[in-house]
Amino acid sequence: MADEDCEPSRLEQFRQIVDMDPDDSFSHFGYASALFEAGRYPEAVHEFREAIRLKPDYSAAFRDLGKTLERTGAPTEAGQVYREGIPIAERNGDLQTLKEMQVFLKRLEQEPGQDT
């Protein structure tokens, strides 16, 4: 049996980290990102929201929450999240995150039939 077969999965590792320090926004963000990569979008939404609750100026969490909401078929809510996150990223000087959210929001607003 290979060594990696004995190790907990990446998701389990992140879950353990969150369990050890449930008040750490970065742990929730990491776990949410792993859930997103695994296609477990509703769970990722919950974890990104928790990261934001713990650190309300966490602009990357706003960006990734918006992307996750888009994946769950909630473009209106995703647009609201981007609108909330854009000024936060601007205040923080997170220029790359700011630009990404602006692009994502513009794309959402240009999609036919989207009421964002």
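## Exercises on helix packing and aromatic rings

The crossing of H6 and H7 is left-handed, a term used where the near helix is turned anticlockwise from the far one by less than a right angle. The model is a predicted one, in which local features need pLDDT of at least 70 and side-chain atom pairs count only at pLDDT 80 or more, while totals for chains, interfaces and linings use all residues. Residues are numbered from 1 along each chain as its sequence is written, and side-chain values use heavy atoms, with hydrogens and water left out.

**Exercise 1.** Determine how helix H6 is directed relative to helix H7.

*Solution.* Begin with the axes, which are lines fitted to C-alpha atoms over the stretch in contact, with angles from 0 to 180 degrees between N-to-C directions. Those of H6 (residues 75-92) and H7 (residues 95-110) come within 9 Å and cross at roughly 150°. H6 is therefore roughly antiparallel to H7, the term for angles over 145 degrees. Next, look at the contact (heavy atoms within 4.5 Å), where the residues of H6 include Tyr82 and Ile86, and those of H7 include Met101 and Leu105.

**Exercise 2.** Describe how H3 packs against H4 and against H5.

*Solution.* Take H4 (residues 41-54) to start with: its axis and that of H3 (residues 25-37) come within 8 Å and cross at roughly 160°. H3 is therefore roughly antiparallel to H4, and their crossing is left-handed. Among the residues in this contact are Phe29 and Phe36 of H3, together with Phe48 and Leu54 of H4.

**Exercise 3.** Find which residues are linked into a cluster by ring pairs, and which charged end sits over the ring of Phe36.

*Solution.* Rings of Phe, Tyr and Trp (its six-membered ring) pair if their centres lie within 6.5 Å, and a search of the whole structure finds five aromatic pairs. The cluster consists of Phe26, Phe29, Phe48 and Tyr58. For the charges, the criterion is that NZ of Lys or CZ of Arg is within 6 Å of the ring centre and within 35 degrees of the ring normal. The charged end of Lys67 sits over the ring of Phe36, 5.7 Å from its centre. Lys55, in turn, lies over the face of Tyr58, at 5.9 Å from the ring centre.

Definitions and conventions: Helix = DSSP H or I, 4+ residues; strand = E, 2+ residues; numbered from the N terminus. Parallel < 35°, antiparallel > 145°, perpendicular 65-115°, else oblique. Phe/Tyr/Trp six-rings, centres within 6.5 Å; stacked < 30°, edge-to-face > 60°.
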